[in-house]
Amino acid sequence: MILPPERVGPYLRALEASLETLAPNDDFVPLSEAVAHVRALGPGVGGELLAPAEISVRTGMPAYAWLERAQAEQVLARRTTHRHDASDAELERASGLDPALGKRMRDRRDLHRHLRRHDLLPALRTTGAVRRLDPHDVALCYDRMAPDGRWVRIRAEVRIVQRHSGPLHIDGEGRLQLDASLQAFLTRHFTNRLDALHGQLAEVCEGEVLRLSRAWLGPFWFPGVELPDDVPAELGSGLLLHASSEVMAADVAAPRHLDPWRAAPPDERVPDGQNVFRERRFAATGRVVAVARQWAEAKGFRNVVVPVRSTVRRRL
Amino acid sequence: MSDRQRRNYLGEQLTYAMLQRRREEVSTRHQRAVGRVDRLLVTQETLGRELGDGLDTLSQTRGELQELEAAANDTSLLATLTRPFTARRTALQRRSVAEGLIQQYEKVSVRLREATAFSDELKLTALELQQEVDRLHRELGEALHNQRVAATRVLELEDVLAELERDPELSAEVKDRRRDRYTFDLRTEAVALDLYKAAAEHCRTHLPAARSLRDTVLRLHEDMAEYVLSATHTVNAAGRRIQGLGMLADAPVVVAELQASLDELNQAMQATADYVESSQSLIAEVLPQLSAKVAAQAEASAAVLHSELEHIDREKSRALAERALRDAAEDEIRDLLGDDP
């Protein structure tokens, strides 16, 4: 779905405010990157340079093609410094020759300045760090713009026996080196059931997975988005952003399920000494706050809907 | 010379220094424009090289897809027997098709953004060169107008001087005083006539080079804008398809569909490569010719001015050349009346 130009600004402001309201923790993709990315798409920063504004009709999130344009522009922006930017006099002169061209050049300068200063969400990113050298505990983090438009982060803490274990290698200086095969593996399996992913990760890393989390931002429902059949249509009558997470770890004291929409798999295999925590929270506006609360409470879940806060903008 | 007549000149009163400065400015602007066109073409060449690399990578991805499909469909006894023992190694060795597609798409997308920005740069350069052409036309029109004014005044002063000699009523002192005044005005107008003539010649000399530069950049811009438009459409379509298929990208069943997506990307890349290749002729042929033309015309213009300078100096040293000047001015007027742009 392509948003008409006059709806782009309101859509992005609503998404940003919803993200701020949910204030996702480190199990989610970084909020600062998400907000910087959303702002980069907005007409206030780069005009219509990154148009068309494409969104996923099923999830209401910005489409990969739209988000990716900002990333591509960032590659160009970071090849230069502010010294290479067009001066005000040059922009004035260009505007005198062709107002539309002058505006585009000014928008490009503003967008490049924003993109030089702020990191954006990656399409794919895998990072890792050594948490402890003895035993060898490593932390892995995989971020992705999922094909359906949602943003997902997988975090894993893995204990390995050898310094070189599958795609993981702790070098002489105690730094973790990741083989590219790990990212390819996660890219192929990131949507698997959490217990299956837990097992697969333990196998390819030849170690023990102490903690595994997967957290999603999105979908973002609003009028025009196709809602799934198993939710009331009224949930799409305003703005509603989902933030969902699932954690399988030893530090989860007891199994807990706080997701009013998705049930836990009935035959889930949880390793001994670990438990699973699942949660889904919503940021909603107006009438949808009450509708969503009613819907969640009917399923036995309270305090999962947060009204979207006023438009105080985050300082990036 | 009355004030009313003086007001008939357009623009600033031209001096040799001013003319010399204009010549240098035009020459500098043209040299800078040639340099800029050169840089634009080099950028285009770089873009072409990067696109070539992109095409290579795309071919590799295609090869890997085919291997993936072949491996998934391998039902030989050996493959069946060894699969359980190689599962973990295979899980790590197998590249993600979705990852490959995303990386490739990102490369194409960066080049497209680059081409879009480059297209704007070309447009700005074309507009600036058109502005230069407009400026030369305006200066030419002004110079021709002023040349006509100066020539008319030379003729008028010639007549006034002739009448003065014939006037029996004026005393010798008054005649002397007026003769000095008119002679001074006549020399001043003669110098102005030469200067405006040189200014017009200077504009005529530089106009073809400015036009050639403008046309070259316009051609570059038109080609680039057309390419960007079609490539953006194709790449966006491929991007949407890649996103849609991404979730299933690693299942062999969709390999055929992914191949189709790659075909779309390939088409966009090929269109770019074709475009860049066609523009290579600009680098190989047009630019050297253009540089030579601009250099030759700058030289010719300098020679004209130098000759005018000598001419003006001789004028100053000569006592009077009223008769010859009047003939020249009359010719000039006849020419001008029939050849005013």
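**A strand and its surroundings**

Guide: In this predicted model, 10 of the 10 residues of strand β8 (residues 240–249) of chain A are buried, so the strand is largely enclosed by the rest of the structure.

Visitor: Are the residues that point to either side of β8(A) buried or exposed?

Guide: A:Leu240, A:His242, A:Ser244, A:Glu246 and A:Met248 point one way from β8(A), while A:Leu241, A:Ala243, A:Ser245, A:Val247 and A:Ala249 point the other way. A residue counts as buried when 20 or more other C-beta atoms lie within 10 Å of its own.

Visitor: Which residue of β10(A) is the bridge partner of A:Met248?

Guide: β8(A) has pairings with two strands to consider, and with strand β7 (residues 207–221) of chain A it pairs in the antiparallel sense over 9 bridges, with A:Leu217 standing opposite A:Ala243. With strand β10 (residues 275–284) of chain A, the pairing is again antiparallel and runs over 10 bridges. Within β10(A), the bridge partner of A:Met248 is A:Val276.

Visitor: Which helix gives the largest share of the side of domain 1 of chain A that touches domain 2 of chain A?

Guide: The domain assignment of chain A gives domain 1 (5–117) and domain 2 (124–307), and their contact takes 21 residues from domain 1 and 25 residues from domain 2. On the domain 1 side, α1 (5–22) and α4 (64–77) of chain A each supply at least two residues. The largest share, 6 residues, comes from α1(A).

Visitor: How many nonpolar, polar and charged residues does that side of domain 1 of chain A have?

Guide: This is the side of domain 1 of chain A that touches domain 2 of chain A, and it can be sorted by residue class. The count is 14 nonpolar, 5 polar and 2 charged residues.

Visitor: Where are the prolines A:Pro135 and A:Pro219 found?

Guide: Most residues other than glycine have a negative phi, and most peptide bonds are trans. Here, a cis peptide bond joins A:Asp134 and A:Pro135, with omega about 0 degrees, and another cis bond joins A:Gly218 and A:Pro219, with omega about 5 degrees. A:Pro135 lies in the loop between β1 (124–132) and β2 (136–145) of chain A, whereas A:Pro219 is found in strand β7 of chain A.

Visitor: Why does A:Ala23 count as partly exposed?

Guide: A:Ala23 is found in the loop between α1 and α2 (31–41) of chain A, and its phi is positive, about 40 degrees, although it is not a glycine. Buried residues need 20 or more C-beta neighbours within 10 Å and exposed ones have 12 or fewer, with partly exposed in between. Because A:Ala23 has 14 C-beta neighbours inside 10 Å, it counts as partly exposed.

Conventions:
Residues numbered from 1 in each chain as written. Chains lettered and ligands numbered in written order. Predicted model: local features only at pLDDT ≥ 70, side-chain atom pairs only at ≥ 80, totals over all residues. Helix = DSSP H or I, 4+ residues; strand = E, 2+ residues; numbered from the N terminus. Pairing = 2+ DSSP bridges. Domains from an automatic or database assignment. Contact = placed C-beta atoms within 7 Å. Nonpolar A, V, L, I, M, F, W, Y, C, P; charged D, E, K, R; others polar.
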